[in-house]
Amino acid sequence: MSSTRRQFVTTLAATATAGTGAGWIWGAHAASHGGGGGKVKPGADAALIVVDVQNCFVTGGTLPVKDGEQVVPVINRIAPAFASIVVTQDWHTPGHASFASAHAGKKPFDSIMLKYGNQVLWPDHCVQGTDDASLHKDLKLPTAQLVIRKGYNKGVDSYSAFMEADGKTVTGLAGYLKARGIKTVFVTGLATDFCVSWTAQDARKAGFGVYVIEDACRAIDLNGSLAAAWKAMEKAGCKRIQSGDLATA
Ligand SMILES: [Zn+2]
């Protein structure tokens, strides 16, 4: 374990022991309190991750998240505060294993057991190269450096931008971020309780500090999945903030 890593773990342990889980664990790394009102200021080693803000997940798409398009102006507003921005796209093959249509007798929102575990089945969505899979036209992220696509292996879903649902096939995002010196990520997009949550939790597993910007996300909330997702994210050490908590100037 490197000394930096050890120090990070020690800091986490100390914070947990002190019972101040709501504090800004990563303040020294990437987000310092600004002069005014205790705002979080993303540093040079922070990245904004914009998860799946695609036509399929907004009104008129194949798998619309309620009010999904409302994340667009929030993300556009906070983006200038970040030196590094990564955008993700759900990017499925036709007949993908996560589609209900690929399984006889199944309908959307049923679940099924696949080789790697339980899989919620969805309507066909975000098929590679379709307009449905394109990024929302109003998303204005001219400084984004990387678009990472996921879910392109036909037999495996990938809610997470870091790791496919088999729990072992990586997308390469962690390596990219580490190679660029990123220590903290701020996660936004769609949907809070699936791709945002899995991405945020996997970012913690990969050793990053994680903030989830709640009002820059919208949820599907399937059978209590939203509350469960927040619980899991908080347990993993992800910090829930609002876009107004960021020092964007
Ligand atoms: Zn998908």
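## Close-up views of a predicted model

**View 1. Here we look at D193, whose place is in helix α4.** Helices are DSSP runs of H or I with at least four residues, strands are DSSP runs of E with at least two, and both are numbered from the N terminus. This is a predicted model: local features need pLDDT of at least 70, side-chain atom pairs count only at pLDDT 80 or more, and totals for chains, interfaces and linings use all residues. Residue numbers start from 1 along each chain as its sequence is written. D193 is buried, with 25 other C-beta atoms within 10 Å. A residue is called buried if 20 or more other C-beta atoms lie within 10 Å of its own, exposed if 12 or fewer, and partly exposed in between, with C-beta atoms placed from the backbone. Leaving aside residues up to four places away in sequence, D193 touches A219, I220, D221, S225, L226 and A229; a contact means that the C-beta atoms of two residues, placed from the backbone, lie within 7 Å. The C-alpha atoms of D193 and L222 are 8.6 Å apart, although 29 residues separate the two along the chain.

**View 2. Helix α4 is largely enclosed by the rest of the structure, because 12 of its 14 residues are buried.** The buried residues of α4 include F194, W198 and D202. Around them, the packing partners are β3, β4, β8, β9 and α5. Just after α4 comes G207, which takes a positive phi of about 100 degrees.

**View 3. Helix α4 (residues 192-205) meets helix α5 (residues 225-235), their axes coming within 9 Å and crossing at roughly 10 degrees.** That crossing makes α4 roughly parallel to α5. Here the axes are lines fitted to C-alpha atoms over the stretch in contact, and angles run from 0 to 180 degrees between N-to-C directions; under 35 degrees counts as roughly parallel, over 145 as roughly antiparallel, 65 to 115 as roughly perpendicular and the rest as oblique. From α4, the contact uses T192, D193, S197, A200 and Q201, and from α5 it uses S225, L226, A229, A232 and M233. These residues divide into five nonpolar, four polar and one charged.

**View 4. Helix α2 (residues 71-78) has V71, V72, I75 and I78 as its buried residues.** They sit on the same side of α2, because they cover an arc of only 140 degrees around the axis. The arc is taken from the directions from the helix axis to the C-beta atoms. As a reminder, an α-helix has 3.6 residues a turn, so residues three or four places apart point the same way. The buried residues of α2 pack against β3 (46-51), β8 (184-190) and β9 (209-218).

**View 5. The largest nonpolar core has 63 residues.** Such a core is a set of buried Ala, Val, Leu, Ile, Met, Phe, Trp, Tyr and Cys residues joined through C-beta atoms within 7 Å. Those with the most contacts inside this core are A47, I49, V187, L190 and V212. Among the elements giving two or more residues to the core are α2, α3 (173-179), α4 and α5. Have a look at L190 too: its contacts include V51, F57, V71, C195 and C217.

**View 6. P142 lies in the loop between β6 (117-120) and β7 (146-150).** P142 is exposed, with 6 other C-beta atoms within 10 Å. Its C-alpha atom is separated by 9.5 Å from that of I85, 57 residues away along the chain.

Note on methods:
Ala, Val, Leu, Ile, Met, Phe, Trp, Tyr, Cys and Pro count as nonpolar, Asp, Glu, Lys and Arg as charged, and the others, Gly among them, as polar.
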